[in-house]
Amino acid sequence: MSQAYQTYVLNGELMYEYFEGTIQAVTPAYIVIDVNGIGFRLLVANPYDFEAGKQTRIYVQLIIRENDQTLYGFETAADKRTFNQLLSVTGIGPKSALAILANVSSGGLATAIAQDDVKFLTKFPGIGKKTAAQIILDLKGKITTDAQPAAATIMPTADQVAPELADALAALVALGYTQRAVDGITDALKAFDATTTDAYLREGLRLLSGRA
C-alpha cells in the first residue's frame, strides 16, 4: 500500500488517524495488525469481526495515561468519533465506551439517545441510570454517523434460548468473551445437539477458539 498509516501531531504528541495493514492475530481481547513489518496491538470492540490474514484499514485512537499507552481500533471513522464523544461523558472511561460499541452501532446509540431511552442504555456493562442520563444530556444531537441511524437494538440474548444454553452463554461472557462474539455463535449452539450446560459450554469454547 502506498500509505500504511496517517498521523497528526497535536501539542507535540503523535496522533494516529488510521492504520492500513494485514491482520496477524485475533484474540478475545485484541487484534494485532502488521503495518510495514511492525505489529500493533489494538483493543477493539469485537475482535472476531476481523479476519486474520486480511488487509484492512482500522481507525485508531491512542489513549495516554500516566503509566500506560493504549491503542484502540475501530472499523469506521464514525465509531472512532463516537468512542471519543463517549469519553467526554463523566463516568465513562475507555473500557466502558468500548463495551457500548461492542453491543450497538453508532447509529443505534444515536437513536437511543435521541429517544431518551435510559432503559436501553442501562443494558450496557457498568452503565447505571445516572450515567445513562448523563450520556443523553451530554451527547443528544451530537453523535453523527456516516450512514442513516440504525435502530437501537441489542442482539438476541440468553432469555430467548433454553435455560441450559442460557447458562452456557452467560459463562462464556464471564470468561471474557464479548457479548457480540457470543451472540455470533448463538445460532450454531441452538442447532447443536446438547442437553446440558457443560456440553453447550464446551461447544461454545470450540467455536470461539476456531475464530481466533
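**Walking through the fold**

Q: In the chain, what share of contacts between residues at least 6 apart in sequence join residues at least 24 apart?
A: Keep in mind that this is a predicted model. Contacts here mean heavy atoms within 4.5 Å. Taking those between residues at least 6 apart in sequence, the share that joins residues at least 24 apart is 53%.

Q: What pattern do the helices and strands follow along the sequence?
A: The chain's secondary structure comes to 8 helices and 6 strands. Reading along the sequence, you get β-β-β-β-β-β-α-α-α-α-α-α-α-α.

Q: How much of the chain is buried?
A: The chain exposes about 11,400 Å², and carbon and sulfur atoms supply 50% of that. To count as buried, a residue has to be under 20% relative accessible area. Of the 212 residues in the chain, the buried ones make up 42%.

Q: Is A114 buried, exposed or partly exposed?
A: A114 sits in helix 3, which covers residues 106-114. A114 and G141 are 27 residues apart in sequence, yet their C-alpha atoms are 6.8 Å apart in space. Buried means under 20% and exposed means over 50%. A114 has a relative accessible area of 48%, so A114 is partly exposed.

Q: What is the helix content of residues 119-138?
A: An unreviewed UniProt entry places "domain: Helix-hairpin-helix DNA-binding motif class" at residues 84-103 and 119-138. Residues 84-103 are 60% helix and 0% strand, with end C-alpha atoms 17 Å apart. For residues 119-138, the end C-alpha atoms also lie 17 Å apart. That span has 0% strand, and its helix content is 65%.

Note on methods: Residues numbered from 1 in each chain as written. Predicted model: local features only at pLDDT ≥ 70, side-chain atom pairs only at ≥ 80, totals over all residues. Heavy atoms only, no water. Helix = DSSP H or I, 4+ residues; strand = E, 2+ residues; numbered from the N terminus. Buried < 20%, exposed > 50% of the residue type's maximum accessible area, 1.4 Å probe, protein only. Areas by Shrake-Rupley, 256 points an atom, 1.4 Å probe, with all protein chains shown as cover. UniProt positions renumbered as here; feature names shortened; annotations may be inferred.
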